[in-house]
Amino acid sequence: MTNGSQKSGQRTAIVIFHWSFVICQIGITGRERVAMAKIDEFMIGVDLGGTSMMVVALDSKGKILADRARSTKPELGADKVMERIADTVEKLLFDIGKGVRKAEGVCVGAPGVIDRENGLVVRAPNLNWTEYPLAKKLSQVLHSPVVLDNDVNAGAVGEHVLGAGRGARNMVAIFVGTGIGGGVIINDELYYGGRGSAGEVGHMKILADGPVCGCGRRGCVEALASRTAMERDVESALKAGRESAIPEIMKRDNRDRMTSSVIQEALQSRDALMEEVLRRAQLYLGLLVASVVNLLDPQCVVIGGGIVERLKEDFLRPVQMTAYEHFLRVKDSNRVKIVASELGDHAGAAGAAVLAWRALKGMDLRKSSMTNDK
Ligand SMILES: [Zn+2]
């Protein structure tokens with residue numbers, strides 16, 4: 001996974017770090033203060049979801065200094081949600097002992113269509129927002145520059161720079177949850193496409209006239225392999241009279257949705273319906289991965305989301321098998337890694353902070369984080 005450009009990146013990062021370190025050691029007061037401020041700098045990343053938000057502070061070496069999670073409560077309205085974000089950021093600054101300072105910069109990964117140039121959340125059905133000027137409002141409250149991106153794009157960047165996709169120049173991330181989202185990295189950069197909406201792997205249509213998707217169309221992967229799709233398949237099988245332990249597990253765990261933990265428990269009790277529904281979802285996901293690989297030939301496909309975090313290799317293995325079977329180029333197919341995400345529910349927030357470093361300081365953390373690691 002090492003190539004020439006990474007090596008030179010490593011060297012540069014080592015030199016910069018070494019330089020700051022030397023100046024700290026010299027102890028010339030004025031210069032020391034400058035060097036210390038460099039080491040001390042951090043960016044705030046926010047992963048804003050429909051139910052909860054995750055906020056992290058990330059230093060320039062890609063280290064998460066602190067994190068905080070909080071419920072979003074979209075029913076309170078956009079301004080209140082914005083205030084909840086601001087409040088959580090301020091608490092986080094306090095946590096890391098920087099309460100008297102403002103954040104150098106903030107990036108929010110928000111769900112839905114984002115106008116990055118104007119800092120607008122154009123449309124976010126999960127939050128019930130249209131044309132909301134989140135960057136401007138949050139910036140006024142926090143007195144810090146704020147940029148926006150899509151939440152899944154941020155997650156892809158997180159995995160690429162700090163997680164399972166490190167070292168891959170070309171990478172695709174697929175996150176499986178209530179929906180299926182994705183992000184594409186080409187030549188180490190997030191690929192936005194002509195209108196800024198690239199990477200929607202969940203809405204690749206793989207079954208004509210298949211089940212209805214959240215987008216209103218039929219047969220998208222999201223309608224076939226998301227947790228929502230699995231839940232729908234289980235419900236219709238139960239209605240048709242199939243036996244299953246799932247309703248009992250949900251009742252016992254006091255769950256009204258078929259969460260990843262319910263799926264895990266059902267699998268542990270060898271529930272035939274759960275196994276069957278999961279296998280189908282894994283098949284469609286495998287076909288999705290193969291299609292993505294045939295189109296882009298990335299070095300790495302990272303698969304994340306709650307269900308992957310719970311089931312790990314048990315979830316991944318059948319997806320990998322189907323994917324490899326459907327690669328057009330069979331030769332050296334093992335050079336395409338299909339791996340589980342490493343950052344878990346920090347991927348989006350950490351990635352947002354990486355994007356803040358990039359957008360507000362022109363800093364590429366990919367280089368320094370690799371130095372950290374090796
Ligand atoms: Zn769709």
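pLDDT is the predictor's confidence in each residue, on a scale from 0 to 100. This is a predicted model, in which local features need pLDDT of at least 70 and side-chain atom pairs count only at pLDDT 80 or more, while totals for chains, interfaces and linings use all residues. Residues are numbered from 1 along each chain as its sequence is written.

**View 1. Confidence along the chain.** The protein chain averages a pLDDT of 88, and 87% of the residues score at least 70. Residues 1–39 are where pLDDT stays under 50. For that stretch the model has 24 contacts beyond four places in sequence (a contact means C-beta atoms, placed from the backbone, within 7 Å).

**View 2. Helix α7 crossing helix α10.** Helices here are DSSP runs of H or I with at least four residues, strands are runs of E with at least two, and both are numbered from the N terminus. The axes of α7 (residues 227–239) and α10 (residues 272–296) come within 10 Å and cross at roughly 140° (axes are lines fitted to C-alpha atoms, for helices over the stretch in contact, with angles from 0 to 180 degrees between N-to-C directions). That makes α7 oblique to α10, oblique being whatever is left once under 35 degrees is called roughly parallel, over 145 roughly antiparallel and 65 to 115 roughly perpendicular. From α7, A229, M230, D233, V234 and A237 meet L273, V277, L278 and A281 of α10. Sorted by class, this contact has eight nonpolar, no polar and one charged residues (Ala, Val, Leu, Ile, Met, Phe, Trp, Tyr, Cys and Pro count as nonpolar, Asp, Glu, Lys and Arg as charged, and the others, Gly among them, as polar).

**View 3. The three-stranded sheet.** This open sheet goes β5-β6-β7, with antiparallel pairing. β5 (113–115) and β7 (129–132) are the edge strands, each pairing on one side only. Three bridges join β5 to β6 (residues 120–124), and V113 finds its bridge partner in R123 of β6.

Methods
Two residues are in contact if their C-beta atoms, placed from the backbone, lie within 7 Å. Two strands pair if DSSP finds at least two bridges between them.
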